[in-house]
Amino acid sequence: MMNGKAAVPGAQVVGRVGRLLRLVGSNPSGASTTWLAREAGLTRPTAHRLLTSLAAEGLLDTDARSGDWVLGTELYLLGSIAASRFSFEELARPSLRRLAEASGESAFYSIRQGSETVCLLREEGSFPIRSFVLREGVRFPLGVASAGLAMMAFLPAREQESYLSRWTEHAGEFAAGHTESTVRQELEQTRLRGYSVNPGLVLEGSYGMGAAVFDGNRNPVGAVSFTGIEPRFRADRRGLLGKLLMEEAHRISNKLTNSGT
């Protein structure tokens, strides 16, 4: 018994498999068994056994040149089927195009997945120098990076505190740049402004701004964001960028509300 409930048989294995799939997905060029084992907190033999089993089911494959693990064709097929249940392209792509065109910056749409945020869509702007911190499939702990800050800022205070009270554990490798005191300050500023600003906390010199998207119950479920180099996000331009983000976040929120999602 654990916490008054019987442990679910196989739940630990499912959790490990899910973690491995997410880790491989976050490295499109491929990930080694050793790296995956370390990041997933597994022994190398255990990781290799699970990875081999996933490959046998078509969920993973190996790169012909490097031998690293990559996502398999079965996941593509499953993803195509799952995509029919969601309308993120229809929901957010028009807003991202307007944002990229109006600003010249790269625009993104991310959603909340439990205690993380994951980037789903990207639209490149016309400005030739770009930041590569964010791309489709990249995950951050909630409260890390501009989209995560924007969403976390509008969660109920009790839920925010549940993350902040164990911040170092929650933020993991990002805790050094995103200290608890810094995040608390940024969350407060986000609530006051209506949009978040991440001043190079993920990667020095790479700035981000985000605005939360809300469902019909006023829960923050997503965010539109910009990323780019620091000179493009100077204080005298942030007001304009923030206004653009909030306008498009509002449009997407209205779509969610009207669709009943």
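Visitor: Is Ser-225 buried or exposed, and what is its relative accessible area?
Guide: In this predicted model, Ser-225 lies in strand β8. A residue counts as buried when its relative accessible area is under 20%. Ser-225 is therefore buried, with a value of 0%.

Visitor: Which residues is Ser-225 in contact with, leaving aside its neighbours within four places in sequence?
Guide: Contact requires heavy atoms within 4.5 Å. With the neighbours within four places in sequence left aside, the partners of Ser-225 are Ser-106, Ala-107, Phe-108, Leu-134, Ser-146, Ala-147, Met-209, Gly-210 and Leu-245.

Visitor: What is the order of the strands in the open sheet, and which are the edge strands?
Guide: The sheet is open and has 6 strands with antiparallel pairing, in the order β5-β4-β3-β8-β7-β6. An edge strand pairs on one side only, and this applies to β5 (139-141) and β6 (196-199). Neighbouring strands of the sheet are turned against each other, direction ignored, by an average of 30 degrees.

Visitor: Which helices lie across β3 and β8, and at what angles do they run?
Guide: Helix α5, residues 88-103, lies across β3, β4 and β8, and runs at about 65 degrees to β4. Helix α10, residues 235-259, lies across β3, β6, β7 and β8; its angle to β7 is about 30 degrees.

Visitor: Why are the buried residues of α7 on the same side of the helix?
Guide: The buried residues of α7 (157-164) are Gln-160, Tyr-163 and Leu-164. They are on the same side of α7 because they cover an arc of only 95 degrees around the axis. These buried residues pack against β3, α6, α8 and α9.

Visitor: Where is Arg-218 found, and is it buried or exposed?
Guide: Arg-218 is found in the loop between β7 and β8. Arg-218 is not a glycine, yet it has a positive phi of about 65 degrees. The cut-off for an exposed residue is over 50%. With a relative accessibility of 56%, Arg-218 is therefore exposed.

Visitor: What is the place of Gly-172, and how far is it from Val-70 in space?
Guide: Gly-172 is placed in the loop between α8 and α9. At 39% relative accessibility, Gly-172 counts as partly exposed. Val-70 is 102 residues from Gly-172 in sequence, and the distance in space, C-alpha to C-alpha, is 24 Å.

Visitor: Why is the protein chain said to be as compact as a globular protein of its length?
Guide: The secondary structure of the chain comes to 10 helices and 8 strands. For 261 residues the globule rule gives 18 Å, and the radius of gyration of the chain is close to this, so the chain is as compact as a globular protein of that length; the radius is 19 Å.

Technical notes
Residues are numbered from 1 along each chain as its sequence is written. This is a predicted model: local features need pLDDT of at least 70, side-chain atom pairs count only at pLDDT 80 or more; totals for chains, interfaces and linings use all residues. Side-chain values use heavy atoms; hydrogens and water are left out. Two strands pair if DSSP finds at least two bridges between them. Helices (H or I, at least four residues) and strands (E, at least two) are DSSP runs, numbered from the N terminus. Axes are lines fitted to C-alpha atoms, for helices over the stretch in contact, and angles run from 0 to 180 degrees between N-to-C directions. Buried means under 20% relative accessible area, exposed over 50%, partly exposed in between (1.4 Å probe, protein chains only). The arc is that of the directions from the helix axis to the C-beta atoms. The radius of gyration is taken over C-alpha atoms; the globule rule is 2.2 Å times the number of residues to the power 0.38.
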